Amino acid sequence: MTHKPQSTEREITQRTALTDARGRLKPDAVGWMRRPFVDTSGIDGRRVWGRNKRWEYWCVMTPTHIMAATVSSIDYAGVHEVWVFDRETEESIGHGATVPLARGAVLPASLGDGPASASTRDMSIEIAAVDAGATRLRARAPRVRFDVAAETPPGHESLGVVVPWSESRFQYTVKDIARPASGTLWIDDVEYAVPADRSWAVLDHGRGRWPYNVRWNWGAGSGTSGDHVIGIQLGGQWTVGTGSTENAFVLDGRLHKIGEELRWQYDTANYLEPWRITGDDIDLTFEPFYDKVTRTNLGVLQSHTDQCFGAYSGWFRDADGVATEFTGIEGWAEDVHNRW
């Protein structure tokens, strides 16, 4: 069976710089990739200041808990967070910090160039590469700490996309999903295992220059269904009209890009109702069990986030027309409105 190509976007297969000497987006950088090929050293706040956004976000889901850590700089502030959720009791333990001018935040010039870290009086986060392509995630905050390794299986592919709004507003994102995780979590000094083969880590790596007012959807899922390891990566709103999307799925480590904008249907009056995300080559139902609600209003910095955790079921179809059905792939879907 011959099937229409899923993406008309250009695939980037070699190292390229995101910006030119003036700090403008290089046209050759626009596209998608299976490896993090983009050099983002120009997003450093030296040539252009005020609109740079840099972050490393990791989330780990286990059968019993969810853990997340964020290290970020938005030039005029560093916004960091450690968060742990107990799936049985639904206790949410979070600690965030907003640091003027992102003082003390360490973020690599490009993905893979070094560690990321942030530290305040009550919180610390360290993200660093270790042997065999694994990433070690260590975080500490009041009542909680965790030490987790996110593995990179042989041949594992991730989604990198450069999204162009204009030559001065653009984003490079890497969504690395379905990374097997293992390690230990402590809550009030009680130890909990992060069991291998049943725990999954996801990375959201971002470097770019954003408009002040923006909305987005992001959905991610990782797990096993039948004999397959499945990763789900979905985006919405923020890429419309740019010619780029951040939609893909990973099947047994191989990335399959989806070039179309997807249809997101959900109830903003009740985010815990099922979500539907559909397109020509994908049809998903997402059933949430918890809504992590975040509301921030610090004058110039405002954020309205509903990040719902739950499970995906449905099917997707690759470029050869082969459909894969699945159930019970755990992850999240979020609705975000930022003024930043």
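1. G104 sits in the loop between β7 and β8 (116–119); strands here are DSSP E runs of at least two residues and helices are H or I runs of at least four, numbered from the N terminus. The model is predicted, so local features need pLDDT of at least 70 and side-chain atom pairs count only at pLDDT 80 or more, while totals for chains, interfaces and linings use all residues. Residues are numbered from 1 along each chain as its sequence is written, and side-chain values use heavy atoms, with hydrogens and water left out.

2. Is G104 buried or exposed? G104 counts as exposed, because its relative accessibility is 60% and the cut-off for exposed is over 50% (buried is under 20%, partly exposed in between; 1.4 Å probe, protein chains only). Leaving aside residues up to four places away in sequence, G104 touches S117 and A118; contact means heavy atoms within 4.5 Å. G104 and G78 are 26 residues apart in sequence, and their C-alpha atoms are 8.6 Å apart in space.

3. T245 is also in a loop, between β17 (228–236) and β18 (247–251). T245 is buried, at a relative accessible area of 2%. Its side chain makes a polar contact with the side chain of K257, at 2.7 Å. A polar contact is a pair of N or O atoms within 3.5 Å; within protein, one must be able to donate a hydrogen and the other to accept it, and residues adjacent in sequence count only if both atoms are side-chain atoms. Beyond residues up to four places away in sequence, T245 touches E9, V161, T239, K257, I258, G259, E260 and E261.

4. Now the whole chain. The protein has 0 helices and 24 strands. Its radius of gyration is 19 Å, close to the 20 Å that the globule rule gives for 340 residues, so the protein is as compact as a globular protein of that length. That radius is taken over C-alpha atoms, and the rule is 2.2 Å times the number of residues to the power 0.38. Of the 340 residues, 55% count as buried. Among contacts between residues at least 6 apart in sequence, 57% join residues at least 24 apart.

5. Next, the largest pocket. It holds about 900 Å³ of space. Of its 36 lining residues, T70, V79, S303, T305 and N338 are the closest to its centre. A pocket is an open set of points on a 1 Å grid over the protein atoms alone, with protein on both sides within 12 Å along at least five of seven lines; a cavity is a set where a 1.4 Å probe fits but cannot get out; lining residues have an atom within 4 Å of a point. Points are joined across faces, edges and corners, and a volume is the space filled by probe spheres set on them. Strand β7 (residues 92–100) gives the most to this lining, with 5 residues.

6. The second largest pocket has about 480 Å³ of space. Its lining has 25 residues, with L111, G112, T135, R179 and L203 nearest its centre. β4 (52–61), β9 (124–129) and β13 (170–187) each supply at least two of the lining residues.

7. How many cavities of 30 Å³ or more are there? The count is 1. The largest cavity has a volume of about 40 Å³. Residues lining the largest cavity include C59, W200, E330 and W332.
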